[in-house]
Amino acid sequence: AHWLTLDEKLDRYKLIGVLFGFAGIINLFGFDKLLSLGDEALRQYAIVGAAFCYAVNALIVKQLTGLPRYGTVAAVLFVAFLVMVPFSLILDGPIALINSGNISTVSIVAIVLLGVFASAGGNLLRFKIVERQGASFLSQLNYFVPFFALFWAFIILSEVPPITAYVSLAMILIGMAIARFGAKRIVTSGAA
């Protein structure tokens, strides 16, 4: 965003905040996993690739915020559909599933609900967040994923996180606060 947008320049607060949050993520998973690839290399590269795609997506959404929101989201979902259909036909074998009669009404309703609420609703929300707060803010929201993962693991699976998890979450939240403090400080000083 620093190099590709005019209004989301990296300042010392954002840099310190991002580094602090990233250090929290590394602390959460363990520094040793950062250096070892081993049998999990493909999965680790996939996670890095997903993070890169999220960053690129935020920048693309930033460029599309001036367009009509519903039409843009419909176009994004249609292109995603076109990209995914060949993979689905090759990997999932939907024709064989239809012929076998293993498709239930519940699974069809679940797919429709996921498409409407998770995909369409999520994309509408993403466009609104980027329009209102910016691409950098949207990227910082991804730091909440480990927090909710630990929260739901505690609530649903009764897992008790180790103390390092609490320290890591504190580091992530402090990093987000530092980055947001810098953004608010710049807006306030620009208005004065």
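Helices (H or I, at least four residues) and strands (E, at least two) are DSSP runs, numbered from the N terminus. The model is predicted: local features need pLDDT of at least 70, side-chain atom pairs count only at pLDDT 80 or more, and totals for chains, interfaces and linings use all residues. Residues are numbered from 1 along each chain as its sequence is written, and side-chain values use heavy atoms, with hydrogens and water left out.

**Stop one: a pocket.** Select N57, V76, L77, A80 and N123. Of the 15 residues lining the second largest pocket, these lie nearest its centre. A pocket here is an open set of points on a 1 Å grid over the protein atoms alone, where a 1.4 Å probe fits, with protein on both sides within 12 Å along at least five of seven lines; lining residues have an atom within 4 Å of a point. Now colour α3, α4 (69–91) and α6: each supplies at least two lining residues. α3 gives the most, with seven.

**Stop two: the largest nonpolar core.** Select A58, L59, V61, V73, F127, I129, V130, A135, F137 and L138, the ten residues of this core. Such a core joins buried Ala, Val, Leu, Ile, Met, Phe, Trp, Tyr and Cys residues through side-chain atoms within 4.5 Å. Buried means under 20% relative accessible area, exposed over 50%, partly exposed in between (1.4 Å probe, protein chains only). α3 (41–64), α6 (105–133) and α7 (135–141) each give two or more residues to the core.

**Stop three: P161.** Go to the loop between α8 (144–157) and α9 (163–191), where P161 lies. P161 is buried, at 14% relative accessible area. Show L150, F154 and Y166: P161 touches them (heavy atoms within 4.5 Å), not counting residues up to four places away in sequence.
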